[in-house]
Amino acid sequence: MAWSDIVLDCFKANAIQTLVHIPDTVLTEMIRTAGTDPYFDVLSPTREEEGVGILCGAYLGGRNGALLMQNSGLGNAANILGSLAVPYQIPMLMVISQRGELGEFNTVQVGMGQALRPTLDGLDIQHFTLEREDEVAKIVTGAIKLAFSTDRPVAVIVSPLLSGGKSL
Amino acid sequence: MTDASPRIHRQELARTFVSSLTDQLVVSGIGNACNDVYAAGDRALNFYMRGSMGAGVPIAFGLARARPNDYVICVEGDGSVLMNLGALATVGSYAPQNLAIVILDNGAYQITGGQPTHTAGAVDLAHVARGCGIVSSSTAGTLDEFTSTLDKILDAPGPHVLVARVDRNLSDPKAHQPRRPALIKYRFMGRLGTLEDVNRLAWE
């Protein structure tokens with residue numbers, strides 16, 4: 001089973017129903033598959049910060065959700081995570097594809113790629129990295145439990161070691 | 001309309017707005033929107049934002065999506081809406097029937113010292129909303145116009161945008177919404193009954 005299908009299975013098994021995504025090549029297959037599954041409410045906002053807001057609103061309304069984005073999006077969403085999700089104790093899972101490291105060809109992806117983990121650390125948001133397919137289910141399930149039992153956003157970072165990254 | 005067009009007394013508008021509510025869910029944006037809605041009559045079904053300028057519309061949209069049988073009203077300032085105009089495009093695209101956005105447009109970032117916003121100049125937010133596909137978008141320059149449009153909106157499928165041209169009267173300095181974010185969340189979800197939902201929905 002493809003790693004992206006394993007992640008979607010983990011979402012379903014743990015009642016993660018609202019999926020908000022910002023376009024990303026690495027996550028394309030996951031977004032496409034989720035869109036064909038009536039279990040998920042798949043939404044496409046214009047910006048990652050908007051996505052965090054939508055997920056917070058959905059949670060207030062009783063629905064758990066996840067944000068799918070690439071690491072540049074964390075820069076767009078940093079303030080709303082620090083001023084809404086974290087202090088209001090609103091949980092969500094973030095699946096973040098990693099750019100700017102192994103195999104990167106685009107110089108401008110490196111800066112935010114390098115700032116990804118320090119930004120999450122600065123916001124006091126725990127993060128875990130997916131590198132091997134046989135660990136995907138365990139890490140994603142554990143991250144979901146951590147997020148939704150302690151009422152905090154939690155990030156799972158998709159390494160190019162798992163995804164193959166974005167090739168030229 | 002020009003910046004010299006008539007403007008509505010903001011606190012009077014907030015009192016009229018709150019007194020017309022029944023069981024709607026209200027998301028109120030950072031700053032004077034929160035202060036005035038709170039001062040006009042606090043209720044557990046009000047969700048108050050303490051920061052995150054521009055997030056009112058996305059929060060209300062997510063809530064409307066999760067609660068299709070409830071009516072959600074977002075109350076935001078013009079500065080906040082301008083900060084996140086893309087959110088109107090999302091609302092127009094998904095067209096939630098149970099969402100109305102009331103924009104308190106005073107043409108200024110009043111809480112930070114009254115710097116003018118772009119609605120004091122070239123920008124008309126009702127036009128922007130219409131261009132985003134929110135067909136039911138209008139502007140009220142008097143309290144009567146606001147009240148009659150609000151009455152229609154609350155009875156008709158949305159999404160709606162109602163821009164209220166309000167004055168720059170200062171909020172009551174003592175009228176501050178609850179300060180603790182977690183309490184705001186728990187009170188809102190407790191009243192709505194969704195704390196049980198997220199617990200039941202989790203893996204347990």
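Which exposed residues are carried by the face of α7(B) turned away from its buried side? In this predicted model, that face carries Asp144(B), Ser148(B), Asp151(B) and Asp155(B).

The buried residues of α7(B) are Phe146(B), Leu150(B) and Ile153(B), and they cover an arc of only 65 degrees around the axis, which puts them on the same side of α7(B). These buried residues pack against α1, β4, β7 (136-140) and β8 of chain B. The length of the helix can also be checked: at 1.5 Å a residue, the 13 residues of α7(B) should span 18 Å, and this agrees with the 19 Å that separates its end C-alpha atoms.

Helix α1 of chain B, residues 10-19, has Arg10(B), Gln11(B), Leu13(B), Ala14(B) and Phe17(B) as its buried residues. Seen down the axis of α1(B), they fall within an arc of 155 degrees, so they line one face of the helix. The packing partners of these residues in chain B are α2 (32-40), β4 (99-105), α7 (143-155) and β8 (160-165).

| Helix | Buried residues | Arc |
|---|---|---|
| α1(B) | Arg10(B), Gln11(B), Leu13(B), Ala14(B), Phe17(B) | 155 degrees |
| α7(B) | Phe146(B), Leu150(B), Ile153(B) | 65 degrees |

Turning to the contact between the chains, chain B gives 30 residues and chain A gives 29 residues. On the side of chain B that touches chain A, at least two residues each come from α3 (56-66), α5 (86-94), α8 (181-192) and α9 (194-201) of chain B, and the largest share, 8 residues, is supplied by α3(B). Sorted by class, this side of chain B has 19 nonpolar, 7 polar and 4 charged residues.

Definitions and conventions:
Residues are numbered from 1 along each chain as its sequence is written. Chains are lettered from A and ligands numbered from 1 in the order in which they are written. This is a predicted model: local features need pLDDT of at least 70, side-chain atom pairs count only at pLDDT 80 or more; totals for chains, interfaces and linings use all residues. A residue is buried if 20 or more other C-beta atoms lie within 10 Å of its own, exposed if 12 or fewer, and partly exposed in between; C-beta atoms are placed from the backbone. Helices (H or I, at least four residues) and strands (E, at least two) are DSSP runs, numbered from the N terminus. The arc is that of the directions from the helix axis to the C-beta atoms. Two residues are in contact if their C-beta atoms, placed from the backbone, lie within 7 Å. Ala, Val, Leu, Ile, Met, Phe, Trp, Tyr, Cys and Pro count as nonpolar, Asp, Glu, Lys and Arg as charged, and the others, Gly among them, as polar. The expected span of a helix is 1.5 Å times one less than its number of residues.
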